[in-house]
Amino acid sequence: YINPYPFNPKTTKVIKIIMSPSFLFFLLFLLKFNSLSSHASPPPPPPSPAPSVYDTFVSCLTKNSIPQSEISKIVYSPNDPSFNSILQAYIRNGRFFNSSTTSKPVIIVTPSVESQVAGVVICTKQTNLQLKIRSGGHDYEGISYISDVPFIMLDMFNLRSISIDTNDKTAWVQTGAILGELYYNIWKKSEVLGFPAGVCPTVGVGGHVSGGGYGNMLRKFGLTVDSVLDARLVDVNGRILDRKSMGEDLFWAIKGGGGASFGVILAFQIQLVTVPQTVTYFRVERFIEDNSTTDAVVQWQNVASKIDNDLYMRLLIQPITVKAKAKGAKSTKSIRATFIALFLGDSNILMSLISKEFPLLGLTKQDCLEMSWIDSVLHWGNFDNTTKPEALLNRQGDPLNYLKRKSDYVQTPIPKKGLESIFEKMISLGKAGMVFNPYGGRMGEIAEGETPFPHRAGILFKIQYSVNWHEQGLTAEKDHLSQIRDLYSFMTPYVSKNPRQAYLNYRDLDIGINDQGPQSLEKGRVYGTKYFKNNFDRLVKVKTMVDPQNFFRNEQSIPTLRKQRKMF
């Protein structure tokens, strides 16, 4: 070795260390090892990409006894040409229709048989995604088909079989059916049987019934859940349970507590009710320019919940624009009060009843239309007089609107001066309206804890706040949302307090949202006590018992007790 650098004692010393025999041996060992390694097999290829959520989900379904031939017909990814049409088919609120800012599911599943639902629950758990369940799509806030986190949407529209037993006056109805299909099938079997549910025929059975649905016979027969006899449900473990196997606590919870917090409800067995051959319908409009109109609204408050249980009178309060009759004159703003009624009897009995109990309505015999119960369903559904019952099978519904709804309960009559100030407020706002739905009758006879739905005795009427619009864009949305929220705030002195009660099926995220975090129970209590009052605590206990890891969850679901929670 020749040192090319000038002499340096330190360098020389290092060189001596490097050239020691032991170091030479180490170098020879490395050369030999590299020579052997050059003949070894090449390194393994890089690992394959992780399977997609879709592939993982489909693989899981196969392992859970769903053949590939069935999977290809019921499972849709965003790349599937049918994905958007299926997603949009049952969106009932334009605010969530095809918006670039609206979240979309990772996968849509449209089961055709009940056993497939069990596999969907199991496999959604394995993918660690949220499951959203849609029956008819009428959730006012769209939470059955949108979410802030990745999710799978279970769309129940194929599960809509209906079986009527006229001998014991019962029916089994799958939750993907709509109310119109239920009413039509009842009518085909009997003209003197009916069911006390909602007046909108395109509403899905699943959400409507499990949320405590009501209709124009609630004063006679109560809510939908008051006529539920049995149910089939897929629980968090993928088991299909009936009333006996699920137990009375869970059966109680899904009768008004919202089914989507506890499982996937497949079907309900319901008790049908007897309706007369002839019922009477009327629709009477009054305007506040008539001095007696406000007095009629005052009288309605004192009569509608106490009158004969066979009579249900809904009252719509709406701001309108009255076109000027004189040429060149300006149009004016006004309030229209519309009284819409169903009487389970003939017009002669109705006229006698109204003349005695509600004379300020000014009802005439010409206002009264006698008809069959099924024809009254069509009238309440805003079909014209020539429409046949087959129209109830149309699942498409009305043209899509942008909308927002809120709710309240009234326990004491609003005085005349209060009504006058409310009407002035509504005129100043422009479009927000209200629907007054009377209670009393059978509703006051059922205990508050009999079902999760607690709004029973002591309620005069329920208010639905309503605003619709057609204009697109955030500016229009902000304006109309501001109107309905302003009206809701203005009504505070006249409605229930501690809590300010609300109706679950008039979903309203303004009253609270649950992010499913550490404070889930506390956040759930905010909206839960408004919807369920004292029944909220029992619902939490049932939830913790049947779904301790909180798999079935949404923005306003029933939370679990904190010590049991383990999020997926």
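How many aromatic pairs does a search of the whole structure find? This is a predicted model, in which local features need pLDDT of at least 70 and side-chain atom pairs count only at pLDDT 80 or more, while totals for chains, interfaces and linings use all residues. Residues are numbered from 1 along each chain as its sequence is written, and side-chain values use heavy atoms, with hydrogens and water left out.

1. The search of the whole structure finds 21 aromatic pairs, a pair being rings of Phe, Tyr and Trp (its six-membered ring) with centres within 6.5 Å, where planes under 30 degrees apart count as stacked, over 60 as edge-to-face and the rest as tilted. Tyrosine 503 and tyrosine 506 are edge-to-face, because their ring centres are 4.8 Å apart and their planes stand at 80°. Phenylalanine 551 and phenylalanine 552 are also paired edge-to-face, at 4.9 Å centre to centre and 70° between the planes.

2. Tyrosine 503 and tyrosine 506 are buried (under 20% relative accessible area, with exposed over 50% and partly exposed in between, for a 1.4 Å probe and protein chains only).

3. One disulfide is found in the whole structure (a pair of cysteine sulfur atoms within 2.5 Å), and it joins cysteine 60 to cysteine 123 with an S to S distance of 2.2 Å. The link of cysteine 60 and cysteine 123 is left-handed, with -85° about the S-S bond.

4. Cysteine 60 counts as buried at 5% relative accessibility, as does cysteine 123 at 0%, whereas cysteine 200 is partly exposed at 31%.
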